[in-house]
Amino acid sequence: MSDRNASPLIRLRGITKTYGRGDAAFQALRGIDLDIHAGEFVAIMGPSGSGKSTLMNILGCLDTAAGGTYHYDDIEVGSLTVDQRALLRRYALGFIFQSFNLLARTSALENVELPLLYRGLSRRIRHEKAAAALEAVGLGDKLRNTPAELSGGQQQRVAIARALVSEPRTLFADEPTGNLDSATTIEIMELLSRLNREQGITLIMVTHEDDVAGWAHRRIHIHDGRIASDERSLQTTAAHP
Amino acid sequence: MIWNAFLIAVREIRRNLTRAFLTVLGIIIGVAAVITMVTLGQATTRAVSDQISKLGSNLLILRPGAGFGPRGVPGGSPNFTMEDAELIAEQVAGVAATAPVRMASLTTAYLDEARTTAVTGTTPAYFQIHQWTLADGRFFNEADLRRGAAVCVIGNTVRNELFGEKDPIGQRLRIGSTVCEVIGLLASKGQAGMGDQDDTIIVPITTLQRRLVGRTSDHDINMISISAEDGVDTEVLTTDITAFMRERRHLQPGEDNDFHVFDTRQITEALTSSTRMMTMLLAAVAGVSLLVGGIGIMNIMLVSVTERTREIGIRLALGATAGEVLMQFLVEAITLACVGGLIGMLCALALCVALSGLIGVPFVFNPMINAAAFCFSAVVGVVFGFVPARSAARLDPINALRHE
Ligand SMILES: Nc1ncnc2c1ncn2[C@@H]1O[C@H](COP(=O)(O)OP(=O)(O)OP(=O)(O)O)[C@@H](O)[C@H]1O
Ligand SMILES: [Mg+2]
């Protein structure tokens, strides 16, 4: 599936993004060309303000590009309606945010169930899947806790469980360990890289830290809204013969 | 999908009970206030017009004096005569009957119970004109009138005060210094805006003139009750009676009337329209309170939508469509508004029953105002719950998530 000659899962051509208008306009992305194949584990790096999050949000269909084309699985995302993009997010994409973005005053279980609610699954199946996902991230005993009753690492794991429960093909993680200490960071990274290894989930992650980027097989550096470098580690070829 | 939205909505309501309670409270107060005020206002209007109609229909009352204001001042307008009453009945077209009335306030006593009562001396036509009916016994008749018989018909209050539970018919009641036989008991008319109508004793006018108070002049009639024939315009009749009486009293053109004609229908209309105005005023006040309630709801909803834009962003990011998010908010708003409206209606019902008992008006359930208030609350809840959510659901997910 990771045959480099096959058409890539994600293909960006000349993607630009401008914030604001007129004099205040700011070009956050200045023409991004990028191919990512199914099963890859990519780290996006770069200085603060370089446009990493902007790029991730466009990749995750949370935001729309100003120019260029974005093909996901040979679908032109720019030509989709708002609702079609919602359905793409629902059925194919998962997102993990730096700031978790869990629903407050809502139990871990209900938070993880949320994406399944929109798939019209029965109550029993929702519960089973959500509980299993929380179990998988090591929170089997915290199903009833609300975010306020969980540590930062536990909250991030709830967010990961929420992203995983709908079995996405592609998982986007914007600084998933940005708020966590080093021990927790390692736990989370082990979890993510296992998902990539064992379930073949395509993983795209933004990070500042070289340690964290070291878990990925491919590192893309962004500078002032342009790709500055794109390097693969040898493991990539090893992991995907 | 609607069921799904309903489930999500109920979850969100349960999660934010305080917010839900505040929203609902605004609706409850508004709905309850409007329904209560309008219902009570209408009950009062009805009570007033009911009681006035008991005074008699097509009833005109002729009194000496220029109208409202001090009556019977010394050297004031002269009273009427018995002949005035007879001639009005005979000569003015459209008059069905007349009854001369002479009033006297006299001490009445039965055994050792005594009290002062307004005694009315009149003719048998009076009962019909004033629409009195009997609870027991009989009215006095023309024969009693001719003889000046010592008989009387008493009202329910007099019966209660003097006879208690005892059957008053055939009992001997002392009025002034004369003993009269009670021959009839009037059916109660209750309190009508103008005092207790049941606190009365009615005797033949001849009895009053000859036995009870004596007679010093022909002009001893305080009032003439006149009933109009059916279908006669009482305004025209008032004019005719006025012209007739001016002639009988030899008033020169340009001279003011020294008597006046009350048209009870006009009084009814005036009172009914003023209570109706009161109702409208109350309704307006209540409407304002409903509006204030609505603004309260809008406020809470707006604040909560700001607060909930992130929630909307999360839902959108997880793959909800804008339509699904909106459906959730719509169902939430409708649920809250309906619950509030229903509780408000129940509160209003309880308040109306309690208050109408307290101020002594009949309680009449008004489905119109209940429906109107309920619909208004639903619309307010839905509009204010829905409109702010709509703008949030239109955002790109990332913008909703970034919302502070
Ligand atoms: N909503 C916005 N409105 C205006 N400018 C924005 C907006 N979002 C981002 N920017 C600007 O776009 C540029 C890129 O922002 P972005 O969030 O992509 O940076 P980043 O690489 O993720 O930085 P960091 O590492 O600090 O998260 C920044 O200069 C930022 O100021
Ligand atoms: Mg960022």
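**Reading helices, sheets and burial**

Mentor: Start with a helix on a sheet. α5(A) lies across β6 and β7 of chain A and runs at about 175 degrees to β6(A). Axes are lines fitted to C-alpha atoms, for helices over the stretch in contact, and angles run from 0 to 180 degrees between N-to-C directions. Contact means heavy atoms within 4.5 Å. Helices (H or I, at least four residues) and strands (E, at least two) are DSSP runs, numbered from the N terminus.

This is a predicted model: local features need pLDDT of at least 70, side-chain atom pairs count only at pLDDT 80 or more, and totals for chains, interfaces and linings use all residues. Residues are numbered from 1 along each chain as its sequence is written, chains are lettered from A and ligands numbered from 1 in the order in which they are written, and side-chain values use heavy atoms, with hydrogens and water left out.

Trainee: Which strands make up the sheet that holds β6(A) and β7(A), and in what order?

Mentor: Two strands pair if DSSP finds at least two bridges between them. Here six strands form an open sheet in the order β6-β7-β8-β3-β9-β10 (chain A), with mixed pairing. β6 and β10 (226-232) of chain A stand at the edges with a single partner strand each, so one side of each has no neighbour in the sheet. Direction ignored, neighbouring strands are turned by 15 degrees against each other on average. Inside this sheet, β3 (residues 41-45) and β9 (residues 218-223) of chain A pair in the parallel sense over four bridges.

Trainee: How is the pairing in the four-stranded sheet of chain A described?

Mentor: That open sheet runs β2-β1-β4-β5 (chain A), and the pairing is antiparallel. Its edges are β2 (26-36) and β5 (75-76) of chain A, each with a single partner strand, so one side of each lacks a neighbour in the sheet. Eight bridges join β1 (residues 10-19) of chain A to β2(A). A:L12 stands opposite A:L34 in β2(A). Helix α1 (residues 52-59) of chain A packs on this sheet and touches β1, β2 and β4 (67-72) of chain A; its direction makes about 125 degrees with that of β1(A).

Trainee: Now two helices. What describes such a pair?

Mentor: The angle between their axes and the distance between the axes. α5(A) and helix α6 (residues 182-199) of chain A pack at about 10 degrees, with their axes 10 Å apart. They are therefore roughly parallel. Angles under 35 degrees count as roughly parallel, over 145 as roughly antiparallel, 65 to 115 as roughly perpendicular and the rest as oblique. α5(A) contributes A:G153, A:Q156, A:R157, A:I160 and A:L164 to the contact, and α6(A) contributes A:T184, A:E187, A:I188, A:L191, A:L192 and A:L195.

Trainee: How many residues of α3(A) are buried?

Mentor: Buried means under 20% relative accessible area, exposed over 50%, partly exposed in between (1.4 Å probe, protein chains only). Ten of the ten residues of α3(A) are buried, so this helix is largely enclosed by the rest of the structure. They pack against α4 (123-136) and α5 (152-165) of chain A, together with α1 and α9 (264-317) of chain B. In chain B, α7 (residues 205-212) is mostly covered, with six of its eight residues buried.
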